[in-house]
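User: Could we go through this model together? I would like to start with the charged pairs.

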Amino acid sequence: MDNIVTEEQLDFLAEHVRHETAPRFLRKLGLDDVAIDQVFLDYKEYGSYEQRYQGLRKCKEKTGRAFTFGRLVKALHAIERVDLIEALPFGMTPQPVIVISPSGVSLTPVHSEDDARSIQSKIQESLEKIEKEKRGVRAKKSHGILDQTQPKSLK
């Protein structure tokens with residue numbers, strides 16, 4: 001799945017795409033000439049950076065979830081700014097992940113690969129702990145010394 005474009009990436013592009021290539025770039029991202037002209041007119045007094053930034057925001061609003069990192073890459077190729085592709089901050093949009101653990105179910109945002117590894121590690125530790133407790137209960141059962149206070153889930 002292609003990552004949704006972040007505000008940091010919009011800011012970077014607004015700063016680095018040249019003013020003279022901005023209309024073509026915005027067209028490649030899905031804005032029509034009327035919308036581009038309107039954005040440039042509405043934000044003229046704020047300068048070219050703001051015109052480009054607002055144009056990019058308008059593209060993102062118009063295309064929604066289809067406004068992805070891959071779409072930006074194609075548009076940057078089209079305006080021959082491959083140099084910006086390598087320099088573009090690659091931020092992940094937090095993706096929620098359902099985490100099921102002994103303590104319950106939670107919806108956890110994953111911001112990076114480190115977050116994903118951390119969640120995976122915690123789940124693995126929880127599973128190992130449950131398995132260890134179950135082995136202990138089975139051993140006690142086999143020796144006839146099962147403590148009646150054990151939770152039913154472990155019996």
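User: Is Glu 20 buried or exposed?
Analyst: Glu 20 is exposed, at a relative accessible area of 59%. Exposed means over 50% relative accessible area, buried under 20%, and partly exposed in between, with a 1.4 Å probe and protein chains only. This is a predicted model, in which local features need pLDDT of at least 70 and side-chain atom pairs count only at pLDDT 80 or more, while totals for chains, interfaces and linings use all residues. Residues are numbered from 1 along each chain as its sequence is written, and side-chain values use heavy atoms, with hydrogens and water left out.

User: Which residue forms a salt bridge with Glu 20?
Analyst: Arg 18 does, with the closest N and O atoms 3.4 Å apart. A salt bridge here is a side-chain nitrogen of Lys or Arg within 4 Å of a carboxyl oxygen of Asp or Glu. Arg 18 is partly exposed, at 40%.

User: How many salt bridges are there in the whole structure?
Analyst: The search finds four. One of them joins the side chains of Lys 60 and Glu 7, at 3.7 Å from N to O. Lys 60 belongs to helix α4 and Glu 7 to helix α1, so this pair ties together parts 53 residues apart in sequence. Helices are DSSP runs (H or I, at least four residues), numbered from the N terminus.

User: And what about Arg 81?
Analyst: Arg 81 forms a salt bridge with Asp 83, the closest N and O atoms being 2.9 Å apart. Arg 81 counts as buried at 10% relative accessibility, whereas Asp 83 is partly exposed at 43%.

User: Changing topic, where is Glu 80 found?
Analyst: Glu 80 is in the loop between α5 (69-78) and α6 (82-87). Its phi is positive, near 60°, although the residue is not glycine. Glu 80 is exposed, with a relative accessible area of 68%.

User: What do the buried residues of α5 pack against?
Analyst: They pack against α1 (7-16), α2 (22-28) and α6. The buried residues of α5 are Phe 69, Gly 70, Leu 72, Val 73, Ala 75 and Leu 76.

User: Last one: at what angle do the axes of α3 and α4 cross?
Analyst: The axes of α3 (residues 33-42) and α4 (residues 48-63) cross at roughly 140° and come within 9 Å. The contact (heavy atoms within 4.5 Å) is made by Ala 35, Val 39 and Phe 40 of α3 with Gln 51, Gln 54, Gly 55 and Lys 58 of α4.

Conventions. Helix = DSSP H or I, 4+ residues; strand = E, 2+ residues; numbered from the N terminus. Axes fitted to C-alpha atoms, helices over the stretch in contact; angles between N-to-C directions.
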